Amino acid sequence: MNTIFLSLGSNQGDRTAYLNDAVQAIANLPETHLIAVSSYYETAAWGKEDQADFLNIACQVETTMSAHAFLSKTQAIEQALGRVRHEKWGPRTIDIDLLLFNHERITSDDLLIPHPYMTQRAFVLIPLLEIAPNLRLEPDGKLLSHYLTALDVSGVRKVN
């Protein structure tokens with residue numbers, strides 16, 4: 001069984017509904033079990049800041065799928081929920097990022113694991129650490145909470 005940690009975000013339309021629908025779709029994937037879902041956090045946009053605030057969560061799942069097969073399924077969920085990719089870091093109905101896949105490093109044209117920006121984003125680390133407080137980033141073995149101490153967390157607000 002493979003353990004995957006995900007970050008989900010939405011800043012268009014009914015953000016809560018998009019996140020709930022995405023989590024339900026992930027839970028319904030074949031050979032996949034939803035293990036944990038964080039609280040919801042509202043955060044200012046990152047990277048491209050002239051857009052609406054995001055609602056973000058983190059999830060942990062277990063699956064027998066490969067990382068690439070799981071990525072394909074999550075991209076299909078994004079598309080089914082109206083995700084349109086107009087610009088990098090632009091507004092979106094739903095964004096599902098694979099953060100970690102077991103303790104593996106994956107480098108391909110369509111997938112980088114660990115997610116290359118996760119340690120720079122408080123809106124990713126705060127919900128992730130809520131569901132997995134002792135999670136470490138391999139191969140250096142540093143606790144992910146170590147990276148959070150260097151980030152501004154003032155723009156991340158728990159909403160439930």
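Predicted model: local features only at pLDDT ≥ 70, side-chain atom pairs only at ≥ 80, totals over all residues.
Four helices and ten strands make up this protein. Going along the sequence, the order is β-α-β-β-β-α-β-β-β-α-β-β-α-β. The radius of gyration comes out at 15 Å, close to the 15 Å that the globule rule gives for 160 residues, so the protein is as compact as a globular protein of that length. The C-alpha trace spans about 35 × 35 × 30 Å along the principal axes.

Some totals next. Buried residues account for 49% of the 160. If we take contacts between residues at least 6 apart in sequence, 68% of them join residues at least 24 apart.

Now to one residue, Ser 10. Where is Ser 10 placed? It is in strand S1, which covers residues 2-10. Is Ser 10 buried or exposed? Its relative accessibility is 0%, and it therefore counts as buried, the cut-off being under 20%.

What does Ser 10 touch, once residues up to four places away in sequence are set aside? The list is Arg 15, Tyr 18, Leu 19, Asp 53, Phe 54, Leu 55, Arg 92 and Thr 93. With Thr 93 there is also a polar pair to point out: a polar atom of the Ser 10 side chain lies 2.5 Å from the backbone oxygen of Thr 93. Ile 94 is 84 residues away from Ser 10 in sequence, yet their C-alpha atoms are 4.6 Å apart in space.

Then Asn 102, in the loop that runs between strand S5 (95-101) and strand S6 (106-107). Asn 102 is not a glycine either, and its phi is positive at about 50 degrees. With a relative accessible area of 26%, Asn 102 is partly exposed.

The remaining position is Pro 114, found in the loop between strand S7 (112-113) and helix H3 (122-131). Which peptide bond is cis here? The one from Ile 113 to Pro 114, with omega near -5 degrees.

Methods
Residues numbered from 1 in each chain as written. Heavy atoms only, no water. Helix = DSSP H or I, 4+ residues; strand = E, 2+ residues; numbered from the N terminus. Rg over C-alpha atoms; globule rule 2.2 N^0.38 Å. Buried < 20%, exposed > 50% of the residue type's maximum accessible area, 1.4 Å probe, protein only. Contact = heavy atoms within 4.5 Å. Polar contact = N/O pair within 3.5 Å; in protein donor to acceptor, adjacent residues only side chain to side chain.
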